Amino acid sequence: MSEFISSAAVVSTNTDDSATRPGITGASILLDHVTKRFPGQARPAVDGLTMEIPAGKIVMLVGPSGCGKTTTLKMINRLIEPTEGRIVVDGDDVTDMNGDTLRRGIGYVIQAGGLFPHMTVARNIGIVPKMLGWDTARIATRVDELLELVSLDPALYRDRYPKELSGGQQQRVGVARALAADPPVLLMDEPFGAVDPITRLRLQDELLNIQEELQKTIVCVTHDFDEAVKLGDWIAIFNEGAQLEQYDTPERILGDPANEFVENFIGSGAGLKQLTLTRVADVALSDAVVGNPGEQATDVLARVVEAGHGHAVIVDERRRPIQWLSVRQLGRLETIGDVPDPKLPVVGKHATLNDALDTMLVSSAGAALVTGRRDMFKGVIDVQTVMDAITRSQTAAVLESDQAPVGLNTGLFQAQTAAAGADPSEAVENGADAQAVQ
Amino acid sequence: MTTRTLTTEARLAGGDSAVETPGDPAAPVLPVSRARATWRSWRGLVYQLAGILLAFLALVIWLNTADLSPIELTTLAPAALWVYTVEHIQLTLLAAVIVLVIAVPLGIALTRRPLRFLTAPVLAIANFGQAAPAIGVVVLLAFWVGFGFWAATLSLVLYAALPVLRNTMVGLQQVDARLIEAGRGMGMSSAAVLFRVELPLAVPVMLSGVRTALVLLVGTAALATFVNGGGLGILITTGVNLSLTPVLITGALLVALLALLIDWIGRVVEHVARPKGL
């Protein structure tokens, strides 16, 4: 943040109290009636957009291709200069400051990392610190620190060239490079678009972990609505000309889409998408009959029958599940073995319901075992639990919308008040959007 | 991470950190393969040099054993041959230096945003100009600027500038636009992006343009003799005019060997200067 205060050409007081909240290292961003017209194009790519991005939050920009979401993103670090309007970062108007200086204080991640192939991982990460005049030792320490942060072993990866890394690793280095000078704001342009689905999920989880630790302000463009739901604290859904259709929490966009456009954009299966919003730890788990290796199978079977269950969970001495035996399997056994079943359907308590559903669909039991701290067995989650959770979160989302808590649409509320001096038609449009959201 | 037992040879193994296992298939590769890989990358160059030396040796042996007339002996005296060769190399190198000084900055300028609209037309002209016969350029220019060393140099420069210009532009154009954007997005100025990203990545293509130009220059410098520019071309014209076949053959062979040698040097430079990681 000091980056901006020291380098901004415009002297301004810090008006955003959220930026000074402890823990948050991010800075708030305000797009104030920003318009971009490209030469030779009749319609503006971004038309009078006012949008507040709260400090320390992840804001996802989604919308159909050509809707202006990438243009909007690039106007924040002025890779694309706005035709009209102001950009305010952390209370400082940065519209007229030197673009290169501005960009050195904002992290930027593009698809596939955008690493320079002729530089090693360490040199790639050290680019911005070097431009900022850090000494070599400090850069080296920072590089190692960042590689650790993105779960790459510094000793192993620091001297590699990008072509010696997998797509996921390149993307991680891309994130590390963007974080190198500890910028308060991170802009990401379809960051995980070029990696396979499994790596993408892992990178998303890692980004969330990093964000939990650093609390930067992250603005991320994606075309993948599921990614937006998973990562975003706030989601901005754009229509052509960067018209904000809805700017809201994922829960409320899924539970209460503002209009037909948003509904169509979410697509079918909004209920399924809500599964990514709820963690396994948030739902009630069923009990299970627990047995230990070495017990007589008949004893365990008797307990299972008594409880009216179909299965028994066998746990080891540290209560980690190792087997999941059906009544029929128990009937065939004499004593319970201690060989762990590698195909056991286990999910951690931090997994999303979506992950849990995936796991239980491949297990023969139609349910999954939930483990907590140190992989200790906690209970069983089944399809019915998941269905109940969907129904509940849908009603919950609607209820929440009815109360319409002030602050959820801060950007748009401010837009309405700040719109006084600007084009009235735009203000009305934005105002209409804000009301539609409620 | 701690259980990782990868050797440095496994560095090229792909895969995500979390899915890589200690039993990586690339791990058992021995350091021997590195020496072998080095040899493989240099093998072509070693063979080319050996070929050039062998051909030169054959020429020397043939000149020493052949039954040559007194005129031929005078023309082909080692001292005379040396003078022609030095002249030839001077012409070539001078032209090459001038070409580099002109064509590389011009190529860079023509790919910058203000002049970018000129890129396509200039590339078209460069391709077209390459098809013009060299002898025509040499003689026409000589009539314009007068006969002699400088006329020869000027026409050589004009002729060799085209591949360097073209490859500079193509080399810069083929740099992934996303890398340029990544650089600008990190706050690098456009000059920093040019010198630290675009030019290093364009080096292989640019160097191959320079090598092409040098080879063209060695060949074309043989025509300098028509405008009294000196060089090994004199052996060829003398050989033709006076029907001295050994002189003609020697001249032609020396020009060819010189071209191959310059090509070899160019390849070595390319091999060494290619940025690591590409």
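From the N terminus on, the elements of chain B run α-α-α-α-α-α-α-α-α-α. The model is predicted. Chain B has 278 residues, of which 43% count as buried. Among its contacts with a separation of 6 or more, 75% join residues 24 or more positions apart. The accessible surface of chain B amounts to about 14,400 Å². Carbon and sulfur atoms contribute 73% of that area.

A nonpolar patch lies on the surface of chain B. Its members are B:V97, B:V101, B:I102 and B:L106. Together they present about 350 Å² of accessible area. B:V101 belongs to helix α3 of chain B, which covers residues 78–110. The relative accessibility of B:V101 is 56%, so this residue counts as exposed, the cut-off being over 50%.

Aromatic pairing was examined next. Over all chains, the structure contains four aromatic pairs. In one of them, the ring centres of A:W234 and A:Y247 are 5.8 Å apart. Their planes meet at 55°, so the pair is tilted. A:W234 lies in strand β9 (residues 234–239) of chain A. A:Y247 lies in strand β10 (residues 243–248) of chain A. The pair therefore ties together parts that are 13 residues apart in sequence. Both A:W234 and A:Y247 are buried.

An edge-to-face pair is formed in chain B by B:W39 and B:Y47. Here the distance is 6.3 Å centre to centre, with 90° between the planes. B:W39 has a relative accessible area of 41% and is therefore partly exposed. For B:Y47 the value is 52%, so this residue is exposed. In chain A, one aromatic cluster is formed by A:F225, A:F261 and A:F265.

Charged groups also sit over rings in chain A. The charged end of A:R138 is placed over the ring of A:W134, at 3.7 Å from its centre. Likewise, the charged end of A:R177 sits over the ring of A:F116, with 5.0 Å to the ring centre.

A:E81 bridges to A:R78, and the closest N and O atoms are 2.9 Å apart. The two partners fall into separate accessibility classes. A:E81 has 37% relative accessibility and so counts as partly exposed. A:R78 has 6% and so counts as buried, the limit being under 20%.

A second bridge in chain A joins A:R172 to A:E206, with 3.0 Å between the closest N and O atoms. A:R172 is part of helix α8 (residues 167–178) of chain A. A:E206 is part of helix α9 (residues 197–214) of chain A. The bridge therefore ties together parts that are 34 residues apart in sequence. A:R172 and A:E206 are both buried.

In chain B, B:R178 forms a salt bridge with B:D176. Their closest N and O atoms are 3.2 Å apart. At 35% relative accessibility, B:R178 counts as partly exposed. B:D176, at 31%, also counts as partly exposed. Elsewhere in chain B, salt bridges link B:R211, B:D263, B:R267 and B:E270 in a network.

Note on methods. Residues numbered from 1 in each chain as written. Chains lettered and ligands numbered in written order. Predicted model: local features only at pLDDT ≥ 70, side-chain atom pairs only at ≥ 80, totals over all residues. Heavy atoms only, no water. Patch = residues over 30% accessible without salt bridge, like charges linked within 9 Å, V, L, I, M, F, W, Y side chains within 5 Å. Areas by Shrake-Rupley, 256 points an atom, 1.4 Å probe, with all protein chains shown as cover. Salt bridge = Lys/Arg side-chain N within 4 Å of Asp/Glu carboxyl O. Helix = DSSP H or I, 4+ residues; strand = E, 2+ residues; numbered from the N terminus. Buried < 20%, exposed > 50% of the residue type's maximum accessible area, 1.4 Å probe, protein only. Contact = heavy atoms within 4.5 Å. Phe/Tyr/Trp six-rings, centres within 6.5 Å; stacked < 30°, edge-to-face > 60°. Lys NZ or Arg CZ within 6 Å of the ring centre and 35° of its normal.
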